[in-house]
Amino acid sequence: MRFDKYEWTAISIMVSLFIIVGFVQGWSVSLVILNMCIISAIMTMGVNISWGYAGVINFGVMGFLAIGGLAAVLVSYPPIKEAWHVGGSGLGISFVLLIGLVIAVYFINKLVEKKSHKYWLNGLVIFFGVIIIRYFFLNATSKIEEVDPALAGFLGGANLPIIFSWAVGGFFAGGVAFLIGKVALGLRSDYLAIVTLGISEIVVSVLKHEEWLSRGVKNVIGLKRPVPYEINLQASDWFINMVTWFNSSKLNQIIDPDQKQEILNNLIIDSSSLFVKLNYAILFFIVMIVIYYFANKAQISPWGRMMRAIRDNEVSANAMGKDIVKQHLIIFVIGAAIVGVAGAMLVTLDGLFTPSGYRPLRFTFIIWIMVIVGGSGNNLGAIFGGFVIWFAWIEVAPLTTFLIEIFTSGMDPQNAIRLHLLDSVPYFRYLLMGMVLLLILRYRPKGIIPEKVRHS
Amino acid sequence: MVDFINSIVVLLNFVIIPGLSYGSQLALGALGVTFVYAILRFANFAHGELMSFGAMITILFTWFFQSQNIGLGILPTALIALPFGILATIGLGLLSDKFVFKYYRTQKSVPVVLAMVSIGVMFVVNAIIRIIVGTETIKFSDGQKFIMKAKQFKLMTGLNEGLALKSSQVITILITIVLLTFTFWFLQKTKTGKSMRAFSDNEDLALLSGINPDRVVFITWFIVGTLACVAGTLYGLDKSYKPIIYLNLVLPIFASAIVGGIGSPFGAVVGGYVIAFSEIMVTYAYKKFFKYLLPENLEPSSLVQLLSTDYKFAVSFTILVIVLLIRPSGIFRGKVL
């Protein structure tokens, strides 16, 4: 992983931006932005792997993120025994019946020769199968949802440390991507975009309305953290000693012991929240570097070369004996799995799971802008795109407020236009995103850090 | 017999009339998407925002006319404002073409790049709309709200069930019939329409035979702008205007266009109604309907609902996926106008 001059410039600009924000708006703000930037970078790498390496379009980012988030709930939440007790058997029966139905359909497709018979038989079996399954399923779920609806009303999870959910989220998202890919990957690229977008909407609407699974729109709150809590930190000796040691020069200047204690207390409260955010940042950074390392290794491996060959010329790759359908499926699953990891991390960072928060504008299209802006086909570009776009997404609001203040400084402070503009500050970020995307696509279609062409 | 008529009235009131008006809105939207796809050859993700923009301009003019006390009496004022909205939407379409899409057309970019570009346009238009009117829900329908109220119908016929007819629904259906007739007449009978069909069928051959591509593109945006603005305004009139709704509307519209066979205008219209009716029929609770039809001891105890209304949205996509798997070119074998 040797970076050239250009890439070093990009990295150092990004680092210095965070330092500037740290000094101007405070280190807490800077770390909050950094954490989201890292998660965005991981999502972007996931999309970049399928789109940049192999040209497989994936507009289902939102759905895979939500599935990753679901994994965080299912892994970390303590199980609700009563709900399992009242509804577990019903769910089990309907699950077994569902598997039976799938097997039945499989055999119908295999054994029945005539096409019209096949459709009719399939339709009949599915129709009655669904009616029977629905009976057991709705019975079980309504019982589960009645268990303590204000606090529980769902099955709960496995009560494991939430950090495991990052891997589990990847597996979940990969599994769902496998099913979607099996169905949809034969389609032309723009059809595939629309279909994946639609399927991700279906996934999110299922999560919103199946309350037995994850409480739906009632949200799951209070997920466990992989890092210490501020309250515990503030009470532990080693942390207080550390804060005292860090600020010893400042504290030594103050003579009055009462005042000294008060300042120390404030410092401890501030630094405990900073410390928690820093811990998150370190954890996320490790994940990002690991994924980056393997993504790069994969890209320069023979497998990566094959992927580029498939992307650049499907027909000749096929003529060389490469199984395009299979490789497309593999790369679609890998990309989705990485997005799933990011989804689990996102829920971990927030500590809550809110299915209604998953909107395509925010969680699909912005990620795509990150990929295009950063440079598709280049992992460092993907990371850079994630950082730059998320940074801009957050920082554009204070910047526009500032600009509007300047441009309207001649007007009366109660001027209607001025007030209206100030009210609509949050919407300028969409304008910026659209303009950035259009400009990059027009003048630098390969992205800020383009893919390196290797002649080997 | 009375029971039978009652059950029919229930269906009319809750399924058929809402389905027709929602289907008309989708059909107009899908027709616009199909035009862009067949002639400019890309999937236009910005179409929903184009509709939203048209509706917004119409609303602004409606407010202006209302403040000047200009109105149509029992009809909504939005109908006078509609032509201005249409002009503005056509203007926006032409501007976006001139500054954005044209470059990629001359470069002969692949469709995916154009789809990405349309996402950029979507963001920009979306931002402009939000900056101008914010994100609040706006109700702008005035005039007489109902042509026939449920109570009136009950009194008139002596039936148990009422049939309400909203004026927005009737206006939607009438305008759709007029617009569709005009569009199909234009495509089939006029010289320009024929040249557009030729262009969408085989671009090189059309250019060879002396068809002016710029003119075709201009007419396309003219039609697309008109359809988008009318569809957006009618949707807003029927259900109240909310800027973020239109982004969600893009997906059912795409589904309609693809299910009908993208590129085929007739298919787009049929697809619109197919999607609208299946969304409504699958999520409607048929309890009342069966109550009238079945004898008393067979009356259903549950709601007789296939899927809860929460899944309204998922229905259109499931249909889309099924159609793409069984018959990828859609019901009417799309590709050319």
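I count two residues as in contact if their C-beta atoms, placed from the backbone, lie within 7 Å.

This is a predicted model, where local features need pLDDT of at least 70, side-chain atom pairs count only at pLDDT 80 or more, and totals for chains, interfaces and linings use all residues. Residues are numbered from 1 along each chain as its sequence is written, while chains are lettered from A and ligands numbered from 1 in the order in which they are written.

I went on with chain B. It has 13 helices and two strands (DSSP runs, numbered from the N terminus: helices are H or I, at least four residues; strands are E, at least two). The C-alpha trace of chain B spans about 70 × 55 × 35 Å along its principal axes. I find 45% of its 337 residues buried (20 or more other C-beta atoms within 10 Å of the residue's own, C-beta atoms being placed from the backbone).

Next, I checked the contact between the chains. Chain A puts in 33 residues and chain B 32 residues. On the side of chain A that touches chain B, α7 (189–209), α16 (360–374) and α19 (428–443) of chain A each supply at least two residues. α7(A) gives the most, with 14 residues.

Last, I looked at α3 of chain A, residues 61–76. This helix has 16 residues and reaches 23 Å from first C-alpha to last, close to the 22 Å expected at 1.5 Å a residue (1.5 Å times one less than its number of residues). α3(A) is mostly covered, with 16 of its 16 residues buried.

Methods
Buried ≥ 20, exposed ≤ 12 C-beta atoms within 10 Å, placed from the backbone.
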